[in-house]
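Hello,

Please find the structure below. My notes on it follow.

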Amino acid sequence: MELKTIEQFIQEHGLQNREDILHAFTKRVNLTILPRTTREEVAVGHSKFGGYPDLPHADLHPGENMTFLAQFRLSDLAEFESVNALPKEGLLSFFYDLEEQPWGDVDERHLWRVLFTEESKLERVRVGEALNERAVSFKESYAENEYSLYELLDEEMYDRLLERFEQEELHAIGGHPSEVQGDVFEEIQETYGERFDHPFLLFQMDTSEELDVMFGDAGILYFLIPEDALRAKRFGETEIIMQCY
């Protein structure tokens, strides 16, 4: 959603708590899955959902049980202010055990992986089962913190505002997560302690019909990293939370 759309809604309905409502929205990069139009695979090293990952060596793949979810070429995100803490170059790749479907508990940390690749010479590594492969587009816009917003508006006004920026699938990087069962940032802090006092949403992946993937009962998977670890490129410190309906 654009900021001017939120401002317009506030003016239309004569809402008095303008600043509080605006603070309930943060910028992030929303990801849109592009329908497949040809039989050709997405080019090696490009941003995409599904298919097989691109890595410097096949032995870097975390194993057959780890389904490759997506990879993002960080130069595609370099122009966006809301994710300026990310490196400007390199490739981020996300893996998750879809059979075990971990929720993000400390004893499940072996069931997901994030790989950061700075090398330019990559090969497509065909290991395990693959999701449907799709290209992706990026757009920076505002997204709501639903729980903060709900406290500021009555139920009718809250529903009216959310109707203006409903999306079928909520894939994103940066900003505030789209919550299903509570504040994701609070949950990651409760689970992993004070090192997540300042979390960054590295990747939010929604259940997707286009990709033929579901998390729990039509839920959302969140990859989060402490901001200091992000700036130091310590992507091995990424943790997850999974929420579903």
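Q189 is partly exposed, at 34% relative accessibility. This residue lies in helix α5, which spans residues 184-192. Please keep in mind that the model is predicted. Setting aside residues up to four places away in sequence, Q189 touches F196 and D197. P199 is 10 residues from Q189 along the chain, and the C-alpha atoms of the two are separated by 8.2 Å.

**Strand β12**

Now to β12. How many of its residues are buried? The count is 5 of 5, so the strand is mostly covered. E239, I241 and Q243 point one way from β12. I240 and M242 point the other way. Both sets are buried.

β12 runs antiparallel to β11, and 5 bridges join the two strands. One of the pairings is L224 with E239, its bridge partner in β12.

What does its side chain join? A polar contact of 2.4 Å links it to the side chain of R195.

**The cores**

The largest nonpolar core has 52 residues. Which of them have the most contacts inside it? They are F49, F72, L86, L202 and F223. Strand β11, residues 220-226, gives the largest share of this core, with 6 residues. There is also a second, separate core of 15 residues. F9, I21, M157 and L161 are among its members. As a general point, nonpolar side chains tend to be buried together in soluble globular proteins.

Not counting residues up to four places away in sequence, F72 touches L31, S47, K48, F49, G90, L91, L92, F94, V136, F138, I173 and F203.

**Aromatic rings**

A search of the whole structure finds 12 aromatic pairs. One of them is F203 with F223, and this pair is stacked. The rings are 6.0 Å apart, centre to centre, with 15° between the planes. The pair links distant parts of the chain. F203 is in strand β10, residues 199-206, and F223 is in strand β11, 20 residues apart. F203 is buried, with a relative accessible area of 0%. F223 is buried too, at 0% relative accessibility.

Which residues form one aromatic cluster? F49, F72, F94, F138, F203 and F223 do.

**Helix α4**

Helix α4 covers residues 155-163. Its buried residues are M157, Y158, L161 and L162. Why do they lie on the same side of α4? They cover an arc of only 130° around the axis, which puts them there. The face turned away from this buried side carries the exposed residues E155 and E163. The background is simple: an α-helix has 3.6 residues a turn, so residues three or four places apart point the same way.

**Three loop residues**

R126 is in the loop between β7 (123-124) and β8 (131-144). Residues up to four places away in sequence aside, R126 touches E41 and Y52. A polar contact of 3.1 Å joins the side chains of R126 and E41. A58 is 68 residues from R126 along the chain, yet their C-alpha atoms are separated by 8.4 Å.

Most residues other than glycine have a negative phi. Q101 is not a glycine, but has a positive phi of about 50°. Its place is the loop between β5 (91-96) and β6 (112-117). Q101 counts as buried, at 17% relative accessibility.

K233 is not a glycine either, and its phi is positive, near 60°. This residue is in the loop between α6 (227-231) and β12 (239-243). Is K233 buried or partly exposed? K233 is partly exposed, with a relative accessible area of 39%.

Best wishes

Conventions:
Residues are numbered from 1 along each chain as its sequence is written. This is a predicted model: local features need pLDDT of at least 70, side-chain atom pairs count only at pLDDT 80 or more; totals for chains, interfaces and linings use all residues. Side-chain values use heavy atoms; hydrogens and water are left out. Helices (H or I, at least four residues) and strands (E, at least two) are DSSP runs, numbered from the N terminus. Buried means under 20% relative accessible area, exposed over 50%, partly exposed in between (1.4 Å probe, protein chains only). A polar contact is a pair of N or O atoms within 3.5 Å; within protein, one must be able to donate a hydrogen and the other to accept it, and residues adjacent in sequence count only if both atoms are side-chain atoms. A nonpolar core is a set of buried Ala, Val, Leu, Ile, Met, Phe, Trp, Tyr and Cys residues joined through side-chain atoms within 4.5 Å. Contact means heavy atoms within 4.5 Å. The arc is that of the directions from the helix axis to the C-beta atoms. Two strands pair if DSSP finds at least two bridges between them. Rings of Phe, Tyr and Trp (its six-membered ring) pair if their centres lie within 6.5 Å; planes under 30 degrees apart count as stacked, over 60 as edge-to-face and the rest as tilted.
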